[in-house]
Amino acid sequence: MAPAFGWTTFDVTSELPDYWQKDIDAATTGADIKKFPRTPILSREAADVANIPRGRVHAGEVKRTLPWLYDFYRGYFLELAGTTCEERVRPAVDDRYGVVLNVQRGTDMRFECHVDSNPMTGILFCTDHPEGAGGELVISNKPGATGVAEIEENCSVIRPSAGQLIFFDGSEHPHYARPLSSESAMRVVAVMNFYTESRPESTRPPELNRHLFGPDTSPGR
Ligand SMILES: [Fe+2]
């Protein structure tokens, strides 16, 4: 039997600044909320799903409005990430995708079924969602699963708890975030891309950047 999906959890609440949730809350007012088209290469949505409504606070906004989070990504969280991996772990050099916020409001949004392009992902849960409230991170135990129904058939379920930071390799196991069960609820996570020596940032597909950021005009890339 193939092993189920695995991850590592750290409770970082005591290390975060007192105002962290207030700050995150304020940052979400600038979230880009829309129907996002399927992500090229990485999407694991069912064939009939063209887009998925959700919210994103882009990396540039995170750097500007949540400087402590940007620093944690390159400092303390990076250190913790390193303890979960035999290889040296690095943050993204490219500030366009290092750390972002994913935001869900109400019952219509969820996060896309996908795999990650990076070998290690860190997720800091910023909101609490008790049993029955939805918003769980659901990861297929089977690498080949496609679409919500197939992922749900055999999966690991992580219920968000504010201040918990998890690390995992999501490059093989499709995952998504369930919708919330209340119209007034909001789910926020900070998502961080990490790289390793054997799977460095240069392995990120250029097509993904073109899809997310448009044609590349920056020098040297
Ligand atoms: Fe992911």
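How many bridges join strand S8 (residues 137-140) to S9, and in which sense do the two strands run? In this predicted model, 4 bridges join strand S8 to S9, and the two run antiparallel; strands are counted as paired if DSSP finds at least two bridges between them. Within this pair, Ser 140 stands opposite Cys 155 in S9. Strand S9 (residues 155-158) presents a covered face, made up of Ser 156 and Ile 158, and an uncovered face, made up of Cys 155 and Val 157.

Because the model is predicted, local features need pLDDT of at least 70 and side-chain atom pairs count only at pLDDT 80 or more, whereas totals for chains, interfaces and linings use all residues. Residues are numbered from 1 along each chain as its sequence is written, and side-chain values use heavy atoms, with hydrogens and water left out.

The chain contains 6 helices and 12 strands, these being DSSP runs numbered from the N terminus (helices H or I, at least four residues; strands E, at least two). The C-alpha trace spans about 40 × 40 × 35 Å along its principal axes. The radius of gyration of the chain is 16 Å, which agrees with the value near 17 Å that a compact globule of 221 residues would have; the radius is taken over C-alpha atoms, and the globule rule is 2.2 Å times the number of residues to the power 0.38. Of the 221 residues, 50% are buried, where buried means under 20% relative accessible area, exposed over 50%, and partly exposed in between (1.4 Å probe, protein chains only). Among the contacts with a separation of 6 or more, 83% are accounted for by residues 24 or more positions apart, a contact being defined by heavy atoms within 4.5 Å.

Strand S5 (residues 99-105) is mostly covered, with 6 of its 7 residues buried. This strand pairs with strand S3 (residues 51-57) in the antiparallel sense over 3 bridges, and Asn 102 in S5 is the bridge partner of Arg 56. S5 also pairs with strand S12 (residues 186-196), in the antiparallel sense over 7 bridges, and here Val 188 in S12 is the bridge partner of Val 103.

Two aspartates illustrate the surroundings of individual residues. Asp 32 is found in strand S2 (residues 32-37) and counts as partly exposed because its relative accessibility is 25%. Leaving aside neighbours within four places in sequence, Asp 32 is in contact with Arg 54, Gly 55, Arg 56 and His 58, whereas its C-alpha atom is separated by 24 Å from that of Ala 46, 14 residues apart along the chain. Asp 116, located in the loop between strand S6 (111-114) and strand S7 (120-125), is buried, with a relative accessible area of 11%. With neighbours within four places in sequence again left aside, the contacts of Asp 116 include Leu 42, Phe 168 and His 175; the C-alpha atoms of Asp 116 and His 175 are separated by 8.9 Å, although the two residues are 59 residues apart along the chain.

Ile 41, in the loop between S2 and S3, has a phi near 70°, a positive value in a residue other than glycine. Most residues other than glycine have a negative phi. At 49% relative accessibility, Ile 41 counts as partly exposed.
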